[in-house]
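Work through the exercises below with the model open. Each has a task, then a solution in steps.

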There are 2 protein chains.
Amino acid sequence: MRTRDEHKASVIREKAISMIVNEGFDGMSMQKLAKSAGVSPATLYIYYRNREDMLEQLYEFVQTAFANAALKEFDPTMNFEKGLWVQWKNRMRFIEECPHYFRFFEQFRNSPQINRSSIGMVAFKDNMHQFVSNAVKRGEIRKVEPEIFWSLAYGSFYSLLKFHLQQRTMMNPDFKVTDAKMKQLLNMVVKSLKP
Amino acid sequence: MRTRDEHKASVIREKAISMIVNEGFDGMSMQKLAKSAGVSPATLYIYYRNREDMLEQLYEFVQTAFANAALKEFDPTMNFEKGLWVQWKNRMRFIEECPHYFRFFEQFRNSPQINRSSIGMVAFKDNMHQFVSNAVKRGEIRKVEPEIFWSLAYGSFYSLLKFHLQQRTMMNPDFKVTDAKMKQLLNMVVKSLKP
DNA sequence: AATATAAATGAATGTTCGTTCACTTTTGAG
DNA sequence: CTCAAAAGTGAACGAACATTCATTTATATT
């Protein structure tokens with residue numbers, strides 16, 4: 001029997017993501033996608049059950065890629081400041097390298113599409129839970145409710161990420177959030193979480 | 001001559017927003033909208049030049065409503081902690097009362113549609129600039145770059161807002177972010193900004 | 001009451017949508 | 001080399017799409 005062309009699969013995936021990032025969910029149609037990927041519309045239905053299944057799989061793919069990137073060289077036993085820095089750096093590098101993935105991710109997360117998709121991330125959340133409770137035990141940060149912690153440690157950082165991306169696409173293509181600026185924010189976040 | 005039915009106009013607006021919030025941009029079609037608002041498709045083109053113009057006007061409407069709500073009883077000469085609290089409280093109340101507006105706002109902001117729309121908010125930004133520089137002058141907070149300030153003072157709060165909304169729609173319809181929780185976050189943000 | 005004018009309409013336009021199907025091509029396993 | 005089976009196709013389906021237009025309806029002004 002014939003084997004699936006993995007190169008073709010990734011071309012379809014990338015074209016779909018670009019199309020959604022540039023034209024929105026309503027701008028990505030199966031026929032346009034087929035044309036832009038250089039395949040027959042019917043071929044798309046070999047890779048995906050239907051349009052909705054395709055969107056779900058794309059999200060799952062990007063989410064996994066992002067989570068894996070974020071946890072590179074991360075270890076939940078690291079001290080708090082170091083561990084958060086590693087993750088932030090990883091995330092920033094990821095959107096530096098794949099801005100369209102990040103935009104797709106954000107677009108999807110804020111759309112009703114997200115309600116029709118299952119959300120994984122279990123392993124990731126386990127990892128983070130350990131990381132935080134270790135830091136609390138060691139007295140590096142004080143114990144706060146999860147939503148407060150996430151808002152400070154990730155909400156503020158994501159805000160900086162988005163500012164980064166917006167600057168880069170809207171006005172200043174060379175714009176870059178420097179390590180110094182990230183460190184400054186990190187210090188302030190750590191200060192706010194001090195026991 | 002005949003006068004425009006303002007009630008009809010608002011029905012159309014609300015139905016359009018609900019439809020987008022529940023089914024996404026690709027789920028809102030002019031014909032479905034007309035049917036759900038109880039008007040002819042052609043009527044929509046009296047109120048809006050075309051679909052894109054409609055989306056832009058909806059966004060402008062919601063953005064203005066949100067900004068006005070946020071600034072109620074706010075004054076840029078307030079001390080920092082008080083001023084930030086007033087705004088946060090206002091914003092939280094707004095999404096309590098109009099969660100669909102907030103969801104529409106977020107969905108729009110994260111979509112490519114935003115690039116085709118003009119972004120106003122000039123008066124608002126002026127107001128905020130004064131507020132922050134007053135607080136710095138008075139020594140209530142230290143001077144930091146704008147993106148750092150926004151990330152901390154708004155990024156973290158928005159994160160809490162979104163958590164709020166997500167909880168409420170996904171699992172626990174009675175979920176409410178209490179004043180105590182907001183105050184806790186506020187204190188931590190203020191602490192991080194202390195000179 | 002008459003009239004001018006904008007609001008409002010329903011049916012129709014041509015286009016594009018997601019998806020299917022009968023068919024051809026390719027290729028790994030025997 | 002053979003051939004079963006999956007990959008891949010192009011044309012076609014009805015449905016839904018955004019938008020238009022010739023009319024009808026309502027009303028503020030006179």
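For the residue classes used here, Ala, Val, Leu, Ile, Met, Phe, Trp, Tyr, Cys and Pro count as nonpolar, Asp, Glu, Lys and Arg as charged, and the others, Gly among them, as polar. The model is predicted.

**Exercise 1**

Task: Describe the protein surface near DNA strand D by residue class and by element.

Solution. 
- Step 1. Find the residues. DNA strand D is surrounded by 24 residues, and the closest are A:A42, A:T43, A:Y47, B:M30 and B:Q31.
- Step 2. Sort them. The surface splits into 10 nonpolar, 7 polar and 7 charged residues.
- Step 3. Check the polar contacts. A polar side-chain atom of A:Y47 is 2.6 Å from a phosphate oxygen of DNA strand D. B:M30 uses a polar backbone atom, 2.7 Å from a phosphate oxygen. For B:Y45, a side-chain N or O atom lies 2.9 Å from a phosphate oxygen.
- Step 4. Assign elements. Two or more residues each come from helix 3 of chain A and from helix 2 (30-37) and helix 3 of chain B. Helix 3 of chain A gives the most, with 4 residues.

**Exercise 2**

Solution. 
- Step 1. Take the bases. A polar side-chain atom of A:Q31 sits 3.0 Å from a base nitrogen of DNA strand C. For B:R2, a polar side-chain atom is 3.2 Å from a base nitrogen.
- Step 2. The side chain of B:Y47 places an N or O atom 2.6 Å from a phosphate oxygen.
- Step 3. Widen the view. Around DNA strand C there are 25 residues.
- Step 4. Name the main contributor. Helix 3 of chain B supplies the largest share of this surface, 4 residues.

**Exercise 3**

Task: How much area do chain B and chain A bury between them?

Solution. 
- Step 1. Count contacts. In chain B, 41 residues are in contact with 41 residues of chain A.
- Step 2. Read the area. The two chains bury about 3,300 Å², with 57% of it on carbon and sulfur atoms.
- Step 3. B:N110, B:E147 and B:M188 supply 19% of the area that chain B buries against chain A, more than any other three residues.

**Exercise 4**

Task: Is A:C98 buried or exposed?

Solution. 
- Step 1. Recall the cut-off: buried means under 20% relative accessible area.
- Step 2. Apply it. A:C98 counts as buried because its relative accessibility is 17%. B:C98, at 18%, is buried too.

How values were computed: Residues are numbered from 1 along each chain as its sequence is written. Chains are lettered from A and ligands numbered from 1 in the order in which they are written. This is a predicted model: local features need pLDDT of at least 70, side-chain atom pairs count only at pLDDT 80 or more; totals for chains, interfaces and linings use all residues. Side-chain values use heavy atoms; hydrogens and water are left out. A residue is near a molecule or strand if one of its heavy atoms lies within 4 Å of it. A polar contact is a pair of N or O atoms within 3.5 Å; within protein, one must be able to donate a hydrogen and the other to accept it, and residues adjacent in sequence count only if both atoms are side-chain atoms. Buried means under 20% relative accessible area, exposed over 50%, partly exposed in between (1.4 Å probe, protein chains only). Contact means heavy atoms within 4.5 Å. Buried area is the accessible area (1.4 Å probe) that two parts lose on being put together, summed over both.
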